Amino acid sequence: MSCADALSCNQRPCEIEVAGLRRSFGKTVAVDDISFNVGQGELFAFLGPNGAGKTTTINLLTGLLKPDAGEVRYHGELFDPKRLNVKQLIGVVPQHNNLDRELTAAENLLIHGRLFGMRGSKLQQRIYTCLEFADLTEKRDTPAGKLSGGMKRKLVIARALLHQPQILFLDEPTVGLDPHSRRKMWAFLRRINQEQDCTVFLTTHYIEEAEALADRVLIIDQAKLVTGGTPQELKAKVGNYVLDIYNEEDIQNEFFEQRPAAMQRLEQLDTSVRIRETTLEDVFLKLTGKRMD
Ligand SMILES: Nc1ncnc2c1ncn2[C@@H]1O[C@H](COP(=O)(O)OP(=O)(O)OP(=O)(O)O)[C@@H](O)[C@H]1O
């Protein structure tokens, strides 16, 4: 895919290039010929309903799974999971917390650091910095199993940042968090993106999360890419304004590029009707014919 099309990274240098990626499990096609680029420093959301192929895509990008076809490039170089330099480049936060519950927060980081060849005072300093960044300094000697859900999540992220990756992958980072903790997590992810100068690639099935957080969103459904762009671009694709037209049984939507055209149509209708701005939920519904949930 060339950097000139809609699924590419606009003006930023390409950090990840994905071309023709495909993976099946038996007869189930989990990822079907998907291509896109991620730009350096982007906060990038891969949005789709359960079973759409998001986890499989992350696993293919991080070397946990092998593709049946297609390729992944980091900084233009073909991805070979066996080469250590790529492992140094990326940090991975899996969907389920895989901390050692018996070990303290600091010990969980220590083991990860050792696996990445870190030692001595450099490792200790980095553990201190990451715990502080994640607001977990006071929990450094607490067993991971005794932390709250939000703290465990932050510890997994702090662990993934320990070796100073350039790209952080997070699979559904806010699943299981209450709305308040979810918003705190969004702020934390923005800080990682901005203060740690880290490209962030996250998957989510929460539309508002993609909308609130991401520079660019790619929508995936049934293993295929539906569309991609900034939240504003995606909304403009279907029309920036929607009329909700209430019938006896359901609500029909009509989309308009400009508000005056929507207002004109509204005046023609004699049923109950509401005008509002388009959301990514509308984009998904319009392009796939179904609701995200
Ligand atoms: N190891 C596996 N064996 C068999 N089928 C699998 C395997 N992993 C994924 N699948 C199937 O591939 C499809 C995509 O799954 P995937 O986990 O990538 O979706 P997802 O978008 O991450 O969904 P969720 O948010 O529910 O995890 C689903 O139909 C799933 O059942």
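Me: Helices here are DSSP runs of H or I with at least four residues, strands are DSSP runs of E with at least two, and both are numbered from the N terminus. With that in mind, where is the place of Glu-172?

Reply: Glu-172 sits in the loop between S7 and H6. Residues are numbered from 1 along each chain as its sequence is written. The model is predicted, and local features need pLDDT of at least 70, side-chain atom pairs count only at pLDDT 80 or more, while totals for chains, interfaces and linings use all residues.

Me: Why is Glu-172 called buried?

Reply: A residue is buried if 20 or more other C-beta atoms, placed from the backbone, lie within 10 Å of its own, exposed if 12 or fewer do, and partly exposed in between. Glu-172 has 21 other C-beta atoms within 10 Å, and therefore it counts as buried.

Me: What makes the phi of Glu-172 worth a remark?

Reply: Most residues other than glycine have a negative phi. Glu-172 is not a glycine, and yet its phi is positive, at about 50 degrees. Gln-222 also has a positive phi, near 50 degrees, and is likewise a residue other than glycine.

Me: Is Gln-222 buried, partly exposed or exposed, and what makes it so?

Reply: Gln-222 lies in the loop between strand S9 (216-221) and strand S10 (224-229). It has 14 other C-beta atoms within 10 Å, a count that falls between the two cut-offs, so Gln-222 is called partly exposed.

Me: What makes S6 and S7 a pair, and in what sense do they run?

Reply: Two strands pair if DSSP finds at least two bridges between them. Strand S6 (residues 90-93) and S7 share 4 bridges, so they pair, and they do so in the parallel sense. Within this pair Gly-91 stands opposite Leu-168. S7 is also joined to strand S8 (residues 199-204) by 5 bridges, again running parallel, and the bridge partner of Ile-167 in S8 is Thr-199.

Me: Why is the crossover from S7 to S8 called right-handed?

Reply: A crossover is right-handed if, with the strands pointing away from the viewer, the path from the first strand over the helix to the second runs clockwise. Here the chain goes from S7 through helix H6 (residues 179-195) to S8, and this β-α-β crossover is right-handed, so seen in that way its path runs clockwise.

Me: Why do S12 and S13 count as edge strands?

Reply: The open sheet of 3 strands has the order S12-S11-S13, with antiparallel pairing. Strand S12 (251-256) and strand S13 (272-277) each have a single partner strand, so one side of each is left without a neighbour in the sheet. Strand S11 (residues 241-246) is joined to S12 by 6 bridges, and Leu-243 stands opposite Glu-254 there.

Me: How do you know that a residue belongs around the ligand, and which residues do?

Reply: A residue is near a molecule or strand if its C-beta atom, placed from the backbone, lies within 6 Å of it. The residues around the ligand include Phe-25, Asn-50, Lys-54 and His-205. H1 gives the most to this shell, with 3 residues. Ala, Val, Leu, Ile, Met, Phe, Trp, Tyr, Cys and Pro count as nonpolar, Asp, Glu, Lys and Arg as charged, and the others, Gly among them, as polar. By that scheme the shell divides into 3 nonpolar, 8 polar and 1 charged.
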